[in-house]
Amino acid sequence: MRTLFSIVIGIICTSFLLGCGGGGGDSGANDPPSITQLTAIPQTVAVNGFSTVTCSASDPDGDQLAYNWSATAGLITGSGASINWQAPGTIGNQTIYCTVSDGALAANANIIVTVTEASSAPQITNFQVNPQTFDFHGGEMQIQATITDDTGIQQAGVKVTYPDSSVVSVDMSHVGSLYSADWTAPVNARADGQNMTYSLKIVARDINGNETTSTNTIATVFAPEDPPIVPPW
Ligand SMILES: [Ca+2]
Ligand SMILES: [Ca+2]
């Protein structure tokens, strides 16, 4: 009889403690962590590009949290609340999953990142230099080309390499995709009767830093003509 009484008292006490723990939340019970935000910056990346993924989470009990990351494709580096994700080499949507655990209970969230084609380098076509030859006076030439890009041209210019290998850069202006510049070829003042040849090429850079250099075009300023040779008779 005394034993049964003890068991009943024990059950009552246990129920009381559970009730206190559940109702008050101050001891015994564990509540799960919650994820308030999961971000990927940027959320659209080029193939093989990088995104920083950050999980903001908290635990009502102040438990230490462990972060577990996975993704449908790509490469995860780092650990903890923020990781680095490298996109795969193929376009499409990929999902990155984060699980936050307090050791007993967990919360989950995921975010979709869009993987796009890489920005390609500018295309330079119809590169023309006019005129391409000058008498010894030299003179002004017009340089033009059609330059296009999938993401936008940031800068285009002409690099002129002089006969002594020094280089002069000339900015190009444009109307639509037609880029142009003027450059004046100097007088050929050489005393040795040699032509002056200049090598011109266009360098175009897009907003992503991709650069394209055209093939070279040569412009020539001829040597002064020799005086006519007087026959020795
Ligand atoms: Ca907890
Ligand atoms: Ca581009």
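How confident is the predictor in this chain, taken as a mean pLDDT? The mean comes out at 88, and 85% of the residues reach 70 or more, where pLDDT is the predictor's confidence in each residue, from 0 to 100. Where pLDDT is low, the predicted coordinates are not for detailed reading. This is a predicted model, so local features were taken at pLDDT of at least 70 and side-chain atom pairs at pLDDT 80 or more, while totals for chains, interfaces and linings use all residues. Residues are numbered from 1 along each chain as its sequence is written, with chains lettered from A and ligands numbered from 1 in the order in which they are written.

On to the strands, which are DSSP runs (E, at least two residues; helices would be H or I, at least four), numbered from the N terminus. Two strands count as paired if DSSP finds at least two bridges between them. One open sheet has four strands in the order β2-β8-β7-β4, with mixed pairing. Its edges are β2 and β4 (66–71), each pairing on one side only. Neighbouring strands in this sheet are turned by 30° against each other on average, direction ignored; the axes are lines fitted to C-alpha atoms (for helices, over the stretch in contact), and angles run from 0 to 180 degrees between N-to-C directions. Inside the sheet, β7 (residues 92–101) and β8 (residues 106–116) run antiparallel and share 10 bridges, with Q94 bridged to V113 in β8.

Strand β6 (residues 82–86) has antiparallel partners too. Five bridges tie β6 to β3, and V53 sits opposite I83 there.

What about the nonpolar cores? These are sets of buried Ala, Val, Leu, Ile, Met, Phe, Trp, Tyr and Cys residues joined through C-beta atoms within 7 Å. A residue is buried with 20 or more other C-beta atoms within 10 Å of its own, exposed with 12 or fewer, and partly exposed in between, all C-beta atoms being placed from the backbone. The largest core holds 20 residues, and those touching the most other members are I147, A156, V158, A185, Y198, L200 and I202. At least two residues each come from β11 (139–148), β12 (153–161), β15 (178–185), β16 (196–206) and β18 (217–221), and β16 gives the most, with five. Leaving out residues up to four places away in sequence, V158 touches I143, V170, M172, A181, W183, L200 and I202. A second, separate core has nine residues, V53, A71, A87 and I96 among them.

Most residues other than glycine have a negative phi, and most peptide bonds are trans. Two peptide bonds are of interest here: I41 to P42 is cis, with omega near -5°, and N130 to P131 is cis, again with omega near -5°. P42 falls in the loop between β1 (34–41) and β2 (44–46), and P131 in the loop between β9 (123–130) and β10 (133–134). As for phi, N48 has a positive value near 65°; N48 lies in the loop between β2 and β3 (50–58) and counts as partly exposed because 14 C-beta neighbours fall inside 10 Å. N126 also has a positive phi, near 55°, but N126 belongs to strand β9 and is exposed, with 11 other C-beta atoms within 10 Å.

Terms used:
Contact = placed C-beta atoms within 7 Å.
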